[in-house]
Amino acid sequence: MQDQKLAKQLMKKSKTARYERFGHLLSLSALLLIMAIVLGIIIFIATKGLSTFFRDNISFKDFFTGVIWNPGTKTPSGQQAVGALPMIVGSFLVTILAAIVSTPFAIGTAVYMTEISPKRGAKILQPVTELLVGIPSVVYGFIGLSVVVPFVRNTFGGSGFGILSGTFVLFVMILPTIVSMTVDSLKAVPKYYRQASLALGATKWQTIWKVVLRAATPGILTAIVFGMARAFGEALAVQMVIGNAALMPHNLVSPASTLTSVLTAGMGNTVMGSLQNDALWSLALVLLIMSLLFNLMVHFIGRRGAFKK
Amino acid sequence: MNRTQKQSQIAILLLRLIAALVVLILAFLIGYIFITGLPNVSWKFLTSPAKAFTAGGGIGVQLFNSIYLLILAMIISLPIALGASIYLSEYAKDNWFTSMIRTAIEILSSLPSVVVGLFGFLLFVVQFNYGFSIISGALTLTIFNLPLLTRNIEESLASVSDDQRQGGLGLGLSKYETIVHIVVPAALPGIISGVILCSGRVFGEAAALIYTAGQSAPALNFGDWNPFNIDSPLSPLRPAETLAVHIWKINSEGIMPDLTQVSSGSAAVLVLAILIFNLSARYIGRKIFEKMTSMN
């Protein structure tokens with residue numbers, strides 16, 4: 001009897017072991033919740049976004065190549081007017097232009113911060129870029145509206161709203177992001193690379209250009225892709241300055257629109273389940289897929305260029 | 001001086017110019033926000049309700065909404081992020097499951113906030129029928145906040161020295177007890193600064209809130225703190241336009257005559273709040289660290 005009781009007691013899990021199991025499960029379930037949210041987002045938006053094609057019978061070709069966006073009405077040739085090309089082109093244009101303008105500035109600043117004047121970099125530029133990464137996008141949009149748009153209007157004519165203003169705003173928005181990530185990747189280049197290069201008689205510039213930047217290229221590319229992802233997904237700041245006309249952009253100063261600007265401006269004015277609404281969800285799906293692609297690019301670059309120490 | 005040296009000097013001069021230009025742009029930005037904004041900020045501006053058609057409106061309700069949403073979102077997201085980061089830094093093995101989860105978190109953190117907002121709209125506003133409300137907004141902000149907060153907390157847990165863990169285990173504590181009583185307290189300064197930094201991001205977020213917390217700020221009765229009354233400030237089911245949404249909203253369709261003043265004042269308040277968040281994250285992190293290390 002006594003033995004049996006003892007055996008039972010010994011076989012039973014101790015309180016600590018049960019506690020341990022509880023903690024393990026608790027933390028795991030928090031993680032699984034995040035997992036479920038990510039899956040939920042992808043599934044929800046994919047279902048809603050695909051219903052344009054499968055329930056409303058819009059062909060992929062009409063959606064991705066059509067240039068007339070006015071869901072619910074028909075184009076002159078009799079098709080549904082759900083051509084998303086103007087928005088897709090708008091989104092890519094502002095993203096690529098902003099990245100092209102930002103990159104030289106960002107790399108130059110990052111090189112200055114790490115190679116030329118690290119002290120001043122750490123004291124002034126570092127805190128300022130950190131603050132700017134945190135400035136809300138509506139504030140950028142507001143400054144764009146009150147500074148950039150009038151500037152563009154006075155310099156290039158037109159209304160001032162358009163791709164060019166969007167590019168300017170995004171340029172300033174993604175600059176701090178690219179700078180701080182480039183700084184990290186430049187700092188990851190081992191010191192002896194620089195010492196070896198200088199010891200061979202290379203000038204400072206040759207060292208920077210031929211050694212440091214080459215070694216940090218994957219990291220810099222990642223930084224640029226991150227900046228582009230941010231620009232592509234940015235909604236309000238762009239929406240405030242781009243003019244919101246769902247037309248193919250003919251030049252850089254005529255009103256245009258991006259995926260995000262149409263989404264934010266239109267979602268409130270449509271009825272759930274209607275074609276107008278479904279078409280907007282398809283735009284959201286395009287946005288989601290692009291965000292996944294940017295992620296894939298970052299992974300790809302990271303895997304190829306991880307710094308082996 | 002030979003050619004390459006000259007080239008080097010010119011290139012470095014160019015780099016200095018670029019850096020100076022960037023500093024100039026950044027200084028202009030911050031200067032512009034504060035110089036045009038701060039003169040419009042007064043106690044009355046911060047406390048009185050907004051006016052739709054006439055001048056002289058404030059941002060009182062919006063400011064309260066922003067703070068209330070931030071607190072709610074943090075209360076919901078902190079335990080989840082803490083649990084997830086404990087698992088990632090203490091329990092997770094290096095296998096496909098872990099790397100899949102890390103990828104999922106990365107995806108979530110890189111999703112455009114408007115997509116997160118639309119998901120919140122679908123799930124909370126439409127599916128759960130919460131409508132445009134504080135609770136929809138807080139839950140959406142939680143999703144928006146989770147990946148970054150998890151990563152921040154995980155980093156601070158990972159920076160706790162392994163000696164601490166071994167000490168706990170050596171005393172006969174279970175792994176979980178070691179985490180709760182030793183690792184988390186040791187990582188507290190990092191966790192707190194992570195929370196504050198994330199707060200700054202949540203505070204300024206607008207795109208995720210337009211279609212979840214809504215774009216209207218009904219007048220509140222600040223004498224009634226019963227959360228079940230619809231005009232009580234605490235009511236979770238009322239629509240709540242935040243400060244960031246307010247700036248967007250009045251600039252896209254506002255018709256009040258002092259629109260520029262109100263928006264620049266709001267922008268200055270928003271940036272000032274973020275600045276305070278950033279500085280206090282550093283300061284509090286350092287203070288707690290000093291206090292905790294001097295105790296031992």
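Helix α6(B) passes helix α8(B) in a right-handed crossing (a crossing is right-handed if the near helix is turned clockwise from the far one by less than a right angle, and left-handed if anticlockwise). This is a predicted model, in which local features need pLDDT of at least 70 and side-chain atom pairs count only at pLDDT 80 or more, while totals for chains, interfaces and linings use all residues. Residues are numbered from 1 along each chain as its sequence is written, and chains are lettered from A and ligands numbered from 1 in the order in which they are written.

**Helix pair in chain B**

- The axes of α6 (residues 134-158) and α8 (residues 175-204) of chain B come within 8 Å and cross at roughly 145°; axes are lines fitted to C-alpha atoms, for helices over the stretch in contact, and angles run from 0 to 180 degrees between N-to-C directions.
- On the α6(B) side, the residues that meet α8(B) include B:Leu141, B:Leu148, B:Asn152 and B:Glu155 (two residues are in contact if their C-beta atoms, placed from the backbone, lie within 7 Å).
- Their partners in α8(B) include B:Val183, B:Gly190, B:Cys198 and B:Arg201.
- The residues of this contact divide into 12 nonpolar, 5 polar and 2 charged (Ala, Val, Leu, Ile, Met, Phe, Trp, Tyr, Cys and Pro count as nonpolar, Asp, Glu, Lys and Arg as charged, and the others, Gly among them, as polar).

**Domains of chain B**

- Chain B is assigned domain 1 (1-40) and domain 2 (42-295), with bounds from an automatic or database domain assignment.
- The centres of the two domains, taken over C-alpha atoms, are separated by 34 Å.
- In chain B, 6 residues of domain 1 are in contact with 7 residues of domain 2; the domain 1 side has 3 nonpolar, 3 polar and no charged residues.

**Interface of chains A and B**

- Contacts link 68 residues of chain A with 67 residues of chain B.
- Helix α2 (residues 15-54) of chain A gives the largest share of the chain A side, 20 residues.
- By class, the chain A side has 46 nonpolar, 18 polar and 4 charged residues.

**Chain A overall**

- Chain A has 13 helices and 2 strands; helices (H or I, at least four residues) and strands (E, at least two) are DSSP runs, numbered from the N terminus.
- The C-alpha trace of chain A spans about 90 × 65 × 35 Å along its principal axes.
- Of the 309 residues in chain A, 47% are buried (20 or more other C-beta atoms within 10 Å of the residue's own, all placed from the backbone).
- Among contacts in chain A between residues at least 6 apart in sequence, 69% join residues at least 24 apart.

Conventions
Buried ≥ 20, exposed ≤ 12 C-beta atoms within 10 Å, placed from the backbone.
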